[in-house]
Amino acid sequence: MSKPATSPAGSETCQVSCGDNPQYKGPKDLPAPSWAPGDKEAAPEASTAVMGAYIKPGTSHGTWFAGIRPRFTDQYAIGLGKFDPAYLTVSKMTGPATATNDPANPFQVIVDVPTDDGVYKVTMLRATQTAFWLANSIIPPLPGNK
């Protein structure tokens with residue numbers, strides 16, 4: 001087994017492989033990810049549930065956050081941790097959600113959700129093909145696009 005190289009200052013540097021063993025490149029026989037039956041319908045359904053939990057004007061932050069937390073990615077939930085739902089200008093959804101998806105990426109969908117405040121764009125992500133869809137962003141309509 002080879003010994004890690006040392007830098008001029010005497011500290012160890014990163015060793016890419018161990019001796020004659022190449023780096024691990026992952027399993028070789030897994031099929032490429034693809035859209036399974038029902039996947040394209042599940043993301044808009046999940047985004048409707050997300051927006052139903054998100055649109056709660058007049059709700060206390062604690063109650064609002066407890067309702068949305070299970071529907072959001074950890075990263076997005078951190079960002080919303082201090083958001084005050086009193087600032088929401090939207091009060092209801094006004095039509096069905098419609099999805100735009102990339103045929104080559106079954107892990108992300110952008111969903112348009114019509115509301116009384118305009119069309120919100122909800123980015124839905126999932127970690128695996130069998131994981132639940134979670135919201136990673138909610139973008140309100142820009143002024144003038146309502």
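## Basis

The model is predicted, so local features need pLDDT of at least 70 and side-chain atom pairs count only at pLDDT 80 or more, while totals for chains, interfaces and linings use all residues. Residues are numbered from 1 along each chain as its sequence is written, and side-chain values use heavy atoms, with hydrogens and water left out.

## Salt bridges

Side chains of opposite charge can pair when their charged atoms come close. The structure holds three salt bridges, each defined as a side-chain nitrogen of Lys or Arg within 4 Å of a carboxyl oxygen of Asp or Glu. One of them joins R126 to D39, with N to O at 3.0 Å. R126 sits in the loop between β3 (118-125) and β4 (134-139) and D39 in helix α1 (residues 39-54), so this pair ties together parts that are 87 residues apart in sequence. Helices (H or I, at least four residues) and strands (E, at least two) are DSSP runs, numbered from the N terminus. R126 is buried, at 6% relative accessible area, and D39 is buried at 9%; buried means under 20%, exposed over 50% and partly exposed in between, with a 1.4 Å probe and protein chains only.

A salt bridge also links R69 and D74, whose closest N and O atoms are 2.3 Å apart. R69 is partly exposed at 26% relative accessible area, whereas D74 is exposed at 54%. K121 and D112 form another salt bridge, with their closest N and O atoms 2.6 Å apart. K121 is partly exposed, with a relative accessible area of 38%.

## Strand pairing

Strands β2 (residues 108-115) and β3 run antiparallel and are joined by eight bridges; two strands pair if DSSP finds at least two bridges between them. Within this pairing, P114 has V119 of β3 as its bridge partner.

On β4, β3 has an antiparallel neighbour, with five bridges between the two strands. Here T123 has S137 of β4 as its bridge partner.

## Helix α1

Helix α1 has 16 residues and spans 23 Å from its first C-alpha to its last, close to the expected 22 Å, which is 1.5 Å times one less than the number of residues. Its buried residues include D39, A43, A46, V50 and Y54. The buried residues of α1 pack against α2 (61-68), β1 (98-101), β2, β3 and β4, where contact means heavy atoms within 4.5 Å.
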